[in-house]
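Student: Could you walk me through this one? I'd like to go by topic.

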Amino acid sequence: MNRLTLRRPDDWHLHLRDGPQLRAVAGFTAERFTRAIVMPNLKPAITTVAQARAYRQRILEAAGENFQPLMTLYLTEQTSSAEIDAAAASGIIHGVKLYPAGATTHSDAGVRNIEKVYPALERMSSNGLPLLVHGETVDPQDDIFDREQRFIDTVLAPLIARFTTLKVVFEHVTTRAAVEFVQGARAGVAATITPQHLLLNRNALFAGGLRPHHYCLPVLKREQDREALLAAATGGDARFFLGTDSAPHARQDKESACGCAGVFSAHAGIELYAEAFEQAGRLDRLQGFASEFGAHFYGLQLNEEHITLLREEWTVPASYDFGGAQIVPFRAGEPIRWKLSRTAG
Ligand code: DOR
Ligand code: ZN
């Protein structure tokens, strides 16, 4: 197969940043995806509907009016029931993001004591607003490769059992344990999977030396985890859908004594998945994963337009502009087997 035409996909987990950085990266996503669930971990975090509305406007200015940013709120221990009601009524907010405080980039305003957000979760359950979860524990005693599993056992499983109608997206799952948890969970529980977790295992962090551009959170796991993720993504199960977690950081913030977590993949946000699905011999299942299952979960219409991918190798640039700084993209200087066709059809 040398051409692949798909219903236009959506990215159900994306970091767009703000200001000149937003203007530098937004076009990559808008070129490929119709919609994206936009993460709220700015500094300061997007915690109110008013902030989300203003951020949405800045995204539209950067990405063009054809792109549809689906906004989220950043859940804090202070998030009020009134704010949740306003979010549900806003028409622009599609989820509320739970960051355990300290788990990742700009998560310090996140949740320390889960019981403090029970009233907000109650409200989200009644008005159908999904909870989007960064699923890792933050105890420094927990081994970093076990934090997802520990989070399932200590936080997520009890939470899903307690709030029986809450819609939950377990974001960027990275382990076989998470795949099995989602497969066995009640209705209303789904997961996103990133391209790097489908294509790489943790050896990629240390291949010939330390590789900061492969460092993201949750960190890459073992080969058997990658295999489980690939099987889940390509298995036709509507609980698993596309979320790139493209998370740009300036080169100097990655190539540093204490480098930031995040892989930038928006420049090839659908092409990389095509590679992974081809590897599994399941290109026929890419459309469900990339363009249908997420929309069903969020209760949104399917996109009517299509994109075409060509089986044509191209070399990813060594870097892209990042509003004055540079970003080093996933596969920098290396080939990708699928290319977005810029001609219609
Ligand atoms: O690697 C990551 N980068 N994981 C996250 O959870 C946050 C993200 C970011 O915002 O840079
Ligand atoms: Zn993320």
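Student: Is Phe 181 buried or exposed?

Tutor: Phe 181 is buried, as its relative accessible area is 17%, where buried means under 20%, exposed over 50% and partly exposed in between, using a 1.4 Å probe and protein chains only. This is a predicted model, in which local features need pLDDT of at least 70, side-chain atom pairs count only at pLDDT 80 or more, and totals for chains, interfaces and linings use all residues. Residues are numbered from 1 along each chain as its sequence is written, chains are lettered from A and ligands numbered from 1 in the order in which they are written, and side-chain values use heavy atoms, with hydrogens and water left out.

Student: And Phe 170, buried or exposed?

Tutor: Phe 170 counts as buried because its relative accessibility is 0%.

Student: New topic: which residues hold the zinc ion (ligand 2)?

Tutor: Its protein donors are His 13 (NE2), His 15 (NE2) and Asp 245 (OD), lying 2.1 Å from the ion; donors are N, O and S atoms within 2.8 Å of the metal (3.2 Å for Na, K and Ca), and since water is not among the atoms, sites may look incomplete.

Student: How are those donors spaced in sequence?

Tutor: The spacing is H-x1-H-x229-D. Both His 13 and Asp 245 are buried.

Student: What about charges over rings?

Tutor: Lys 167 lies over the face of Phe 297, 4.8 Å from the ring centre, and Arg 202 over that of Phe 145, at 4.4 Å; the criterion is NZ of Lys or CZ of Arg within 6 Å of the ring centre and within 35 degrees of the ring normal.
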